[in-house]
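Okay, everyone, thanks for coming. Let me put my structure up on the screen, and then I'll walk you through a few spots.

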Amino acid sequence: MNIDFLKRLLLFFGLMLLQALVLTHVHLFGVATPLLYVYFAISFRHSTSKWSMLIWCFLLGLGIDVFSDTPGLAAGSMTLVAAVQPYLTELFIQRDDEEDVLPCIATFGLGKYTLFALILTFIYCLTFFTLESFSFFNWLHWLLSILTSTALTLLLVLVCDNMRRS
């Protein structure tokens with residue numbers, strides 16, 4: 001069995017359990033919820049096939065939906081992020097880089113990786129909270145949820161990437 005597959009599987013179940021058992025119950029100031037499992041979609045290598053990214057992310061989102069009682073929100077949002085990630089990665093890598101680039105602080109640099117993770121995290125939070133509210137009746141709460149959850153999740157993604165690197 002491939003060691004990369006085992007690492008991906010361990011990350012899959014680790015993030016699912018961490019989100020389901022701990023992070024789902026965290027709501028800072030009633031609006032900020034850490035959605036760390038988006039790190040799974042951010043951390044795919046550039047050479048990973050698009051269909052496998054879509055399947056992995058859909059299954060992780062489905063697992064989160066089952067544990068968090070959010071029918072389809074995480075699955076739909078993770079699938080969208082998996083669809084966007086390869087094209088966004090193309091914008092951040094150099095043309096002369098090798099094909100198998102791993103998006104991380106070590107390869108992109110802190111500034112580029114932070115922007116890369118911010119864009120994907122914002123897309124995820126925007127989709128997730130828009131589907132969750134399904135209306136713009138309480139638009140201030142919706143906007144605060146998106147912005148604060150994006151900031152909190154981005155901070156956790158940067159910490160996880162820094163810990164994973166060392």
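So, Leu28 sits in the loop between α1 and α2 (helices are DSSP runs of H or I, at least four residues, and strands are runs of E, at least two, numbered from the N terminus). This is a predicted model, where local features need pLDDT of at least 70 and side-chain atom pairs count only at pLDDT 80 or more, while totals for chains, interfaces and linings use all residues. Residues are numbered from 1 along each chain as its sequence is written, and side-chain values use heavy atoms, with hydrogens and water left out.

Leu28 and Ser149 are 121 residues apart along the chain, yet their C-alpha atoms are separated by 9.0 Å.

Now, the inside. The largest nonpolar core has 43 residues, and Tyr37, Phe40, Tyr113 and Tyr124 have the most contacts inside it. By core I mean buried Ala, Val, Leu, Ile, Met, Phe, Trp, Tyr and Cys residues joined through side-chain atoms within 4.5 Å. Which helix gives the largest share of this core? That's α6, with eight residues.

Let's stay with Tyr124. Leaving out residues up to four places away in sequence, Tyr124 touches Leu35, Tyr37, Val38, Ala74, Ser77, Met78 and Val81; contact means heavy atoms within 4.5 Å.

Note on methods:
Buried means under 20% relative accessible area, exposed over 50%, partly exposed in between (1.4 Å probe, protein chains only).
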